[in-house]
Amino acid sequence: MYNKKVLDYFRHPKNYGVIKNYSGRGKVGNPRCGDIMELHIKIGKDKRGREIIKDVKWQTFGCAAAIATSSMVTEMVKGKTLEEAKKISNQQVTKKLGGLPPIKTHCSILAEEALDSAIKDYEKRKKK
Amino acid sequence: MEVYLDNSATTQVDGKIIKLMNKYFSENYGNPSSLHDFGRRAKESLDKSREIIAKKINTNKDEIIFTSGGSESNNLALNILKEGDHLITTKIEHPSIFETAKNLERKGIKVTYLNVNKEGFVDLDELKKSINKNTKLVSIIHGNNEIGVIQDLEAIGKICKNILFHTDAVQSFCKINIDVNKFNLSLASFSSHKIHGPKGVGALYVKKGLELNKMILGGHQEMNKRGGTENVPGIVGFGEAIKLIKENDIKRIGELRDFLIKELLKIPRTRLNGSKNKRLCNNINISFELIEGEGLMLHLDMKGVKVSTGSACSSQTLEPSHVLIAIGLPHEIAHGSIRFSLSKNTTKKELLYTIKKVKEVAKLLRKISPLKDDTK
């Protein structure tokens, strides 16, 4: 059902955990459906003064696809500017994982939503 | 280490059975419907297996027909109903019963799905109250395939006085005594591959005089209740599998089950699903809170331990197990349920390894789960 890469990311998840003094936090999903993803980001600045995702951590209650996409999306955004991170789509995450079974597409959407939600949370905090 | 704990899904075929079956592919390969001696010998072998099954459930061999498995037997049993009839079944049936019941509803048959309590038992009063003048058939699973709960068929049979009574005995057959007379059964489904026999073989007990709605047409085989050349090697294997069942094995499996339950419940935030006492000797179903079952199952798989899960993520519908919902588990806990099912080949050493691995995986998955903070 899952390809080798998905299973590898599921088996050896990267970047899981929490950031205590996070800049933004996104939590999406619903335990009834069997998927909850929480994502923390820490924002910093690069040499050119652009805002970048300095650190990112996740926690997920969900199936292998949910865990693998959580791990992959955090790997993809780490070090990226906020503008770049905003452009990351669930299709890109799925593609990087070499594809997911069609019924698991919603897991990759969850990863994209968690990232979006964390970035929006940061932007809201910044305005305050 | 490889540990196979999915014996409710299927079992390993006993070597002795394979050896015996092989003879029926290469030497005694006759068609039981043929009149020459090849055919006669094949027919005798079929009837020998028929006799073994009949004896096991305290009936006569002319009340047993062979099918392709438990699912076909269940389909065939329920398809006895016609438009206007009323069927009573439960919310914890195997898909081959409830999908058939849903299909019957589309054909104008009324269906009542009985509730179960939190241990999984049918309420006998609800059953009594559900019976009306159109009620033709009551179909209730004997030993549940997911949570192992065993229904009191004797008590249910007493309620079904002038009504046909069917049971899906696929999981309970050869684990618990079944007496079709004592239980007042008219129909009962059995399967070979759950008891170390080959796949693709099952049986249906049909009380004498009962007319089925034939589903496979084209021949007068099986007392004109099911067309098609019989699967002789498989049926011989099925009979042999029953002969190889030992009372001692059942007892030992039950002891191993109790040991595994006791040890797994030592893990914090776990619960046993189903009844503690009236339970199939080989079934363990445990919910691990804060964890999603597919993840747990796949991690165990990679460590060599083969189990199954009631999690939605492992199903094609993304809905958690209907049985776990019927016993009142909240969705998020149903998602974290694992079934461990044992067999006569299971050893204590394998269970010790399993316990160790379950603890490791549960710890890891709880570490990456965001749910813990919410539930403190």
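# Close-up views of a predicted two-chain model

**View 1. Salt bridges across the structure.** Over all chains, a search of the whole structure finds 30 salt bridges. The model is predicted. One salt bridge joins the side chains of A:Glu123 and A:Lys86, with N to O at 2.8 Å. A:Glu123 belongs to helix α5 (residues 105-127) of chain A, and A:Lys86 to helix α3 (residues 82-86) of chain A, so the pair ties together parts 37 residues apart in sequence.

**View 2. The contact between chain A and chain B.** Chain A gives 25 residues to the contact, and chain B gives 25 residues. The two chains bury about 2200 Å² between them. Carbon and sulfur atoms account for 66% of that area.

View 3. Between chain A and chain B the count is one salt bridge. A:Lys104 forms a salt bridge with B:Glu294. Their closest N and O atoms are 3.0 Å apart.

**View 4. The side of chain A that touches chain B.** Four elements of chain A each supply at least two residues here: α1 (4-11), β2 (35-45), β3 (51-61) and α2 (64-77). The largest share, four residues, comes from β3(A). By class, this side of chain A has 15 nonpolar residues, five polar and five charged.

**View 5. The open sheet of chain B.** Seven strands of chain B form an open sheet with mixed pairing. Their order is β2-β8-β7-β6-β5-β3-β4. β2 (64-67) and β4 (110-114) of chain B stand at the edges. Each has a single partner strand, so one side of each is left without a neighbour in the sheet. From one strand to the next, the twist averages 20 degrees.

**View 6. Strands β7 and β8 of chain B.** β7 (residues 187-191) and β8 (residues 202-206) of chain B pair in the antiparallel sense. The pairing runs over five bridges. B:Ala188 stands opposite B:Tyr205 in β8(B).

Notes
Residues are numbered from 1 along each chain as its sequence is written. Chains are lettered from A and ligands numbered from 1 in the order in which they are written. This is a predicted model: local features need pLDDT of at least 70, side-chain atom pairs count only at pLDDT 80 or more; totals for chains, interfaces and linings use all residues. Side-chain values use heavy atoms; hydrogens and water are left out. Contact means heavy atoms within 4.5 Å. Buried area is the accessible area (1.4 Å probe) that two parts lose on being put together, summed over both. A salt bridge is a side-chain nitrogen of Lys or Arg within 4 Å of a carboxyl oxygen of Asp or Glu. Ala, Val, Leu, Ile, Met, Phe, Trp, Tyr, Cys and Pro count as nonpolar, Asp, Glu, Lys and Arg as charged, and the others, Gly among them, as polar. Two strands pair if DSSP finds at least two bridges between them. Axes are lines fitted to C-alpha atoms, for helices over the stretch in contact, and angles run from 0 to 180 degrees between N-to-C directions.
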